[in-house]
Amino acid sequence: MAISPGRGLVAALVAAAPLLAQDIPVKEHTLPNGMRLLMVERHDQPTIACGWVARVGSANEVPGITGMAHMFEHMMFKGTRAIGTKDAKRDAELNELQDKVQIEIRKEVSLLREKQRRGEIMDLNDPKVRSPRHQKLLDEFAQLVKEQRELIIKDEFSKIFDKEGSTGLNAGTNKDMTVYLNQLPSNKLELWAWMESDRLINSTFREFYSERDVILEERRQRLEATPTGKFEEAFNAMTWMAHPYQWQIIGWASDISQVTREQANAFFNTYYAPNNLTAVLVGDFKVSEASALMERYFGRLKTNPRGVPEMVTADPVQPAEQRMYAEAETTPSVRVSYKAVPEVHKDSPALDVLGSVLNGRSGRLYKDLVLKQKVATNAGGYAAGQKYAGTFVLTGTSASDRKPEDVEKALYAEIEKIQKDGISETELQKVKNQSLASSYARIENN
């Protein structure tokens with residue numbers, strides 16, 4: 001597999017009138033604590049799609065706490081002081097006891113890290129290198145975890161919603177934001193407001209340290225155990241020299257295994273404050289009533305007066321092409337990644353159009369590389385705009401009798417045609433039609 005970022009940014013700017021947006025009657029309301037509320041009344045069916053966004057993703061992390069944004073996607077389903085435990089008082093005590101033991105465990109790990117740095121041991125995670133005190137602390141911690149699990153009412157937060165007719169309860173994290181969403185019968189809006197505000201006000205982050213192990217296993221399964229996962233991670237880290245987009249959303253394994261509840265609390269207080277949150281309601285409700293409910297429940301959240309740190313790190317101008325060759329148990333392929341612009345940049349729509357022209361079975365790359373030249377079995381391109389920066393990506397999978405270098409050469413040739421001749425009116429109209437159809441399809445349900 002050959003992977004090659006470089007050759008300057010490709011941009012096919014198209015002069016065309018913008019499509020008219022559908023007239024969606026969004027009502028916006030801001031609570032006194034700074035939390036934003038976006039509401040759209042739609043009375044077609046007696047349901048409401050409810051969600052809220054924390055404007056925080058992996059780009060808001062720093063080395064040492066990478067993966068923290070994704071970890072909160074897990075922790076926010078662990079319940080609250082009132083939900084998820086048979087004994088709230090003892091549950092809180094066990095959290096404190098676990099914190100104290102973890103402080104001592106970290107001291108032991110620090111000693112091992114220094115030994116590894118000096119070459120005295122090979123792997124600080126090898127159980128054989130632990131001191132008797134270290135092992136005793138681990139056993140003590142395991143006992144505390146066991147006691148807490150006996151008090152836990154597993155998945156109670158989700159089960160309450162399910163019992164009341166909720167569907168699609170879920171969450172997701174990307175590099176720039178974290179989203180929590182579900183759909184409920186319209187007469188359950190107050191339940192949603194109480195439940196969601198309660199997990200913002202009274203989160204306990206129970207099972208915090210044991211959940212780190214769950215996330216490490218998720219990382220092993222989704223990234224490390226796949227044929228190309230570790231190369232994808234390395235390629236991404238190579239693409240971004242300075243920007244925090246360089247690490248995967250799930251974070252580095254060494255950070256996940258050592259992050260503390262104290263660090264989590266600081267992260268939560270900064271990024272999960274109401275002045276960094278936006279709630280969205282779409283469905284069968286009245287704006288005036290929903291606004292009053294939001295004031296009542298989410299209005300209890302305390303503002304973070306300091307706000308969130310501004311993103312200031314930017315990648316320097318790349319001085320030369322970077323190239324990565326990797327061998328994996330998979331079909332040979334090539335990926336070319338160009339540095340591009342943020343999603344809100346004025347050139348971003350042109351790159352979206354270019355991606356649509358190149359991608360898909362009717363796109364230029366498939367028709368030329370797969371059907372005409374038969375150099376590849378698949379080929380495509382797409383714009384990956386993000387909040388602070390972006391990339392434009394070309395991909396191709398080699399045909400059985402061809403090399404990745406052949407695919408790479410063919411990809412560049414097709415881009416050079418567009419740089420020289422542009423795209424046709426027919427191609428542009430096709431993209432417009434697809435975009436319009438997709439827009440209408442997206443607004444069919446709440």
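Let's start with Lys-188: with a relative accessibility of 23%, it counts as partly exposed. Here, buried means under 20% relative accessible area, exposed means over 50%, and partly exposed is in between, using a 1.4 Å probe and protein chains only. This is a predicted model, where local features need pLDDT of at least 70 and side-chain atom pairs count only at pLDDT 80 or more, while totals for chains, interfaces and linings use all residues. Residues are numbered from 1 along each chain as its sequence is written, and side-chain values use heavy atoms, with hydrogens and water left out.

So what does Lys-188 pair with in a salt bridge? The partner is Glu-164, and their closest N and O atoms are 2.8 Å apart. Lys-188 sits in the loop between E6 and helix H5 (189–201), and Glu-164 in the loop between helix H4 (156–163) and strand E5 (167–173), so the bridge ties together parts that are 24 residues apart in sequence. Helices (H or I, at least four residues) and strands (E, at least two) are DSSP runs, numbered from the N terminus. Glu-164 is partly exposed as well, because its relative accessible area is 27%.

Side chains of opposite charge can pair when their charged atoms come close. A salt bridge needs a side-chain nitrogen of Lys or Arg within 4 Å of a carboxyl oxygen of Asp or Glu, and that rule gives a count of 30. One of them joins Lys-346 to Asp-347, with the closest N and O atoms 3.6 Å apart. Lys-346 counts as exposed because its relative accessibility is 72%.

Now look at Glu-414, which forms a salt bridge with Arg-364, again with closest N and O atoms 3.6 Å apart. Glu-414 belongs to helix H13 (residues 404–421) and Arg-364 to helix H12 (residues 364–372), so this pair ties together parts that are 50 residues apart in sequence. Are these two partners buried or exposed? Both Glu-414 and Arg-364 are buried. Through shared partners, salt bridges join Arg-364, Asp-368, Glu-414, Lys-417 and Glu-427 into one network.

## The nonpolar cores

A nonpolar core is a set of buried Ala, Val, Leu, Ile, Met, Phe, Trp, Tyr and Cys residues joined through side-chain atoms within 4.5 Å. The largest one has 64 residues, and the members that touch the most others are Trp-52, Phe-72, Trp-192, Tyr-272, Leu-281 and Phe-298. Apart from it lies another core of 23 residues, including Val-341 and Leu-351.

Met-35 is worth a look too: you'll find it in the loop between strand E2 (27–30) and strand E3 (36–41). Met-35 counts as buried because its relative accessible area is 0%. Beyond its neighbours within four places in sequence, Met-35 is in contact (heavy atoms within 4.5 Å) with residues including His-29, Pro-274, Leu-277 and Phe-298.

## Rings that pair up

Rings of Phe, Tyr and Trp (its six-membered ring) pair if their centres lie within 6.5 Å; planes under 30 degrees apart count as stacked, over 60 as edge-to-face and the rest as tilted. Searching the whole structure turns up 17 aromatic pairs. In one of them, Phe-72 and Tyr-272 are tilted, 5.4 Å centre to centre with 35° between the planes. This pair links distant parts of the chain, 200 residues apart: Phe-72 is in helix H1 (residues 68–75), and Tyr-272 in the loop between helix H9 (261–271) and strand E7 (277–283).

Tyr-272 also pairs with Tyr-180, this time edge-to-face, at 6.4 Å centre to centre and 65° between the planes. Since Tyr-180 lies in strand E6 (residues 178–185) and Tyr-272 in the loop between H9 and E7, the pair ties together parts that are 92 residues apart in sequence. Phe-72 counts as buried at 1% relative accessibility, Tyr-272 does at 3%, and Tyr-180 has a relative accessible area of 1% and is buried. Ring pairs link residues into a cluster, with Trp-52, Phe-72, Phe-77, Tyr-180 and Tyr-272 among them.

## An arginine over a ring

Arg-199 lies in helix H5 and is buried, with a relative accessible area of 0%. Where does Arg-199 lie relative to Phe-77? It is over the face of that ring, 4.7 Å from the ring centre. The rule asks for NZ of Lys or CZ of Arg within 6 Å of the ring centre and within 35 degrees of the ring normal.

The Arg-199 side chain also reaches the backbone oxygen of Met-76 at 2.9 Å, and it makes a polar contact with the side chain of Glu-196 at 2.7 Å. A polar contact is a pair of N or O atoms within 3.5 Å; within protein, one must be able to donate a hydrogen and the other to accept it, and residues adjacent in sequence count only if both atoms are side-chain atoms.
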